[in-house]
Amino acid sequence: MSEILFDEIPSLDLADFTSGDAERRARFVKKLGDAYQNIGFIALRNHGLSDELTERLYAATKKFFALPDEEKQKYEIPGLAGQRGYVGKFKEKAKGFNTGDLKEFYHIGQELSDIPDNDPIKEEYPENVFPTEVPEFKEVTLEAYRKLETAGKEVLRAIAIHLGLEENYFDEKVKFGNSILRPIHYFPIEDPDSVPADAVRAAEHGDINLITLLMGASADGLQVLRRDGQWIPITALPEQVIVNVGDMLARLTNNKLKSTIHRVVNPPRELMHTSRFSIPFFMHPRSEMDLTCLESCIDEQNPKAYPDATAGEYLTERLIELGLKKA
């Protein structure tokens, strides 16, 4: 396949894939494959999130982050490596960076009551925690979690077809997977001189997971690093979510599919006092998923690039690098 330098990320319609029309499905898979082998990002319509749900989710998110820090910190749970509940300001730093990002966030995972008692994965996950100060937060975040998980499963089916695998290759691997919904608040900086000179909203990084589904943010700032070294700005239209390849999928495909470096840059100095909100859904598989490079993605030109690892082993390694988990 020829290499493509995209000036903007391709826009796809998930209804083409779920239509049952063979031609529309094939066209969707082709466009998805071209995008993921080159820039690693797409914008996706008809993902199942309604405008009404999105508005309720952002309203609840803003209400929580408007609470005083001491109230929010009640939901920061020691020993969980930030996997549920609140993670405070400056706590997360990108791999290779010493300065924490200018953000705070909240983590929602699988709801344990949804998982059958006979599934051993249930023992691996902690209970979700929800803020009592914002009673609507639980219902709306769990509804968005399930909608985005459903859309993500369809994208993974299209990826499987593109890779020459069975369409349902990922289905059991992501069933009750370790996925996370992360409402993020890039908090206002009243005095830009008070923070480290190298502090940014989100330093350049690749995502850990299989794919990320990102709802449109409340402000600009997201940029993707193109293969030629140029940063491309990305803004989702109101009816789109951004869907990008994560490092686990890049490992599995021996970098055939690209987990592209991206960042959230600071606004102009005169806008540093403003907030930015963003809500990604990080789609993870079950911890036992084998991330060993697919044989079909290894050849003389592309020798195996990664040691064998399970998703759980790789996640632990990355959480330590991010400063969320102790070695």
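Q: Let's start with a term: what does "buried" mean here, and is cysteine 293 buried or exposed?
A: Buried means under 20% relative accessible area, and exposed means over 50%. This is a predicted model, so what follows is computed from predicted atoms. In it, cysteine 293 has 5% relative accessibility. That is why cysteine 293 counts as buried.

Q: How many disulfides does a search of the whole structure find?
A: Cysteine 293 is in no disulfide, and the nearest cysteine sulfur to it, that of cysteine 297, sits 8.0 Å away. The cut-off for a disulfide is a pair of cysteine sulfur atoms within 2.5 Å. Cysteine 297 is in no disulfide either. The search of the whole structure comes back with zero.

Q: Is cysteine 297 buried or exposed?
A: Cysteine 297 has a relative accessible area of 8%. Since buried means under 20%, cysteine 297 is buried.

Q: How many aromatic pairs turn up in a search of the whole structure, and what kind do phenylalanine 64 and phenylalanine 65 form?
A: The whole-structure search finds ten aromatic pairs. In the pair of phenylalanine 64 and phenylalanine 65, the rings are 5.2 Å apart centre to centre, with 70° between the planes. Planes over 60 degrees apart get a name of their own, so this pair is edge-to-face.

Q: Which of the helices hold phenylalanine 64 and phenylalanine 137, and how many residues apart in sequence are the parts this pair ties together?
A: These two phenylalanines form a tilted pair, 5.9 Å centre to centre with 40° between the planes. Phenylalanine 64 lies in helix α3 (residues 51–65), while phenylalanine 137 lies in helix α5 (residues 136–162). So the pair ties together parts whose separation in sequence is 73 residues.

Q: What is the relative accessible area of phenylalanine 64?
A: Phenylalanine 64 and phenylalanine 137 are both buried. Phenylalanine 65 counts as buried too, at 5% relative accessibility. For phenylalanine 64, the value is 0%.

Q: Which residues do ring pairs link into a cluster with Phe64?
A: Two partners of Phe64 have come up already, Phe65 and Phe137. Ring pairs bring tyrosines into the cluster as well. The residues linked with Phe64 are Phe65, Tyr75, Tyr86, Tyr106 and Phe137.

Q: Which ring does the charged end of lysine 173 sit over?
A: Rings here also have lysines over them: lysine 89, for one, lies over the face of phenylalanine 187, at 5.0 Å from the ring centre. The charged end of lysine 173 is 4.2 Å from the centre of its ring. That ring belongs to tyrosine 169.

Q: How far does α5 reach from its first C-alpha to its last?
A: Helix α5 has 27 residues. At 1.5 Å a residue, the expected span is 39 Å, and the computed reach is close to that. Just after α5, glycine 164 takes a positive phi of about 80°. From first C-alpha to last, α5 reaches 40 Å.

Q: Which residues of β11 are buried on each side?
A: Strand β11 (residues 241–245) is mostly covered, with five of its five residues buried. In a regular strand the side chains alternate between the two faces of the sheet. Here both faces are covered: one side has Val241, Val243 and Val245, and the other has Ile242 and Asn244.

Q: How many bridges join strand β8 to β11?
A: On one hand, strand β2 (residues 41–45) runs antiparallel to β11, joined by four bridges; phenylalanine 41 stands opposite asparagine 244, and isoleucine 42 opposite valine 243. Strand β8 (residues 211–215) is also antiparallel to β11, and isoleucine 211 has valine 245 as its bridge partner there. The number of bridges between β8 and β11 is five.

Q: Which way do β1 and β2 run, parallel or antiparallel?
A: β2 is largely enclosed by the rest of the structure, because four of its five residues are buried. Three bridges join β2 to strand β1 (residues 11–13), and serine 11 stands opposite alanine 43. The two strands run parallel.

Q: Which strands stand at the edges of the open sheet of four strands?
A: The order is β7-β12-β9-β10, with antiparallel pairing, and the twist averages 20° from one strand to the next. Two bridges join β7 to β12 (residues 262–264), with alanine 202 opposite valine 264. Each edge strand has a single partner, so one side of each is left without a neighbour in the sheet. Those edge strands are β7 (202–205) and β10 (231–233).

Terms used
Residues are numbered from 1 along each chain as its sequence is written. Side-chain values use heavy atoms; hydrogens and water are left out. Buried means under 20% relative accessible area, exposed over 50%, partly exposed in between (1.4 Å probe, protein chains only). Two strands pair if DSSP finds at least two bridges between them. Axes are lines fitted to C-alpha atoms, for helices over the stretch in contact, and angles run from 0 to 180 degrees between N-to-C directions. Rings of Phe, Tyr and Trp (its six-membered ring) pair if their centres lie within 6.5 Å; planes under 30 degrees apart count as stacked, over 60 as edge-to-face and the rest as tilted. A charge sits over a ring if NZ of Lys or CZ of Arg is within 6 Å of the ring centre and within 35 degrees of the ring normal. The expected span of a helix is 1.5 Å times one less than its number of residues.
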